[in-house]
Amino acid sequence: MEIIKINETTWRIEEEGVRFFLLAGKKKALLIDSGMQIHNAKEIAQGLVNLPIELLNTHGDIDHVGSNDEFESFYMNPAEASNYYNTQKKTGTIIPVTDGDIIDLGDRELEIITLPGHTPGSIAALDKKNRVLISGDPIQDGNIFMFGVQREMHAYLLSLEKLKKYLDKFDTIYPSHGSFPVTPEIIDSLHEGATRILAGEVEGSDAEFHGIKIKRYDVGVAGFLCDYK
């Protein structure tokens, strides 16, 4: 694990294969996701800021909720409830957030943008004052998981189209995987790649994930891991 200070009020915490973030405002701080292997993200955050600390999950996949047990409640899109409680077998109380909701840290407002596709309740957080989009998993240049019953490429494509309407509101993107940071231009590239996959214009290669046969579609900017067909 590595803690990297982005600026005076923002940190990224790097684990192997995933990252999460700590944002500080004037009244409170917010963890965006809580890690994978570590289980003391709140304790780590308390060592960085002298503020009350809350938690927002971009979605409920196991590599984003490792320290959720440190919190009695957390912000999450309710569409993730089945993923979180049933698939991941996690506990705690969801404080529901959805499109357009604002989490105000004190002179630092975060606007929630729902981005279903990677999971039903995936969200991004728009740090309005700093013009940064914290994107979770859907926007990245690594491998985007799109296999299994919770994932849907058509919904993902619609989310990319929706996100294009916000392009005048952010200058950079902080993803949970892959390179850090990435530029907004990646959204068009991912949209083009997803469109080509759905049109059958990209040949997938056989792959395996934890014993599950999948197909990997390389669209240049990223890889899409999809159901085996």
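Before I list any partners, I note that I call two residues in contact when heavy atoms lie within 4.5 Å. I also keep in mind that this is a predicted model.

Entry one, Leu190. I skipped the neighbours within four places in sequence and looked up what else Leu190 touches. I found Pro138, Ile139, Gln140, Ile144, Tyr156, Leu160, Val221, Ala222 and Phe224.

Which residues touch the most other members of the largest nonpolar core? I get Tyr156, Leu190 and Phe224, out of 28 residues in that core. I then checked which elements give two or more residues to this core: strands S10 (123-127), S12 (143-146) and S16 (223-227), plus helices H3 (153-163) and H4 (186-198). Apart from this core I found another one of 20 residues, including Ala29, Ala45, Phe71 and Tyr84.

I count four helices and 16 strands. The radius of gyration is 17 Å, close to the 17 Å from the globule rule for 229 residues, so I put the chain down as being as compact as a globular protein of that length. Along the principal axes, I read about 50 × 40 × 30 Å for the C-alpha trace. Buried residues come to 53% of the 229. Of the contacts between residues at least 6 apart in sequence, I see 52% joining residues at least 24 apart.

Entry four, surface and charge. I get about 10,300 Å² of accessible surface, with 49% of it belonging to carbon and sulfur atoms. I looked up 23 positive and 36 negative charges, and their mean positions are 3 Å apart.

Technical notes. Residues numbered from 1 in each chain as written. Predicted model: local features only at pLDDT ≥ 70, side-chain atom pairs only at ≥ 80, totals over all residues. Heavy atoms only, no water. Rg over C-alpha atoms; globule rule 2.2 N^0.38 Å. Buried < 20%, exposed > 50% of the residue type's maximum accessible area, 1.4 Å probe, protein only. Areas by Shrake-Rupley, 256 points an atom, 1.4 Å probe, with all protein chains shown as cover. Lys, Arg positive; Asp, Glu negative; His and termini not counted. Charge placed at Lys NZ, Arg CZ, Asp CG, Glu CD. Core = buried A, V, L, I, M, F, W, Y, C linked by side-chain atoms within 4.5 Å.
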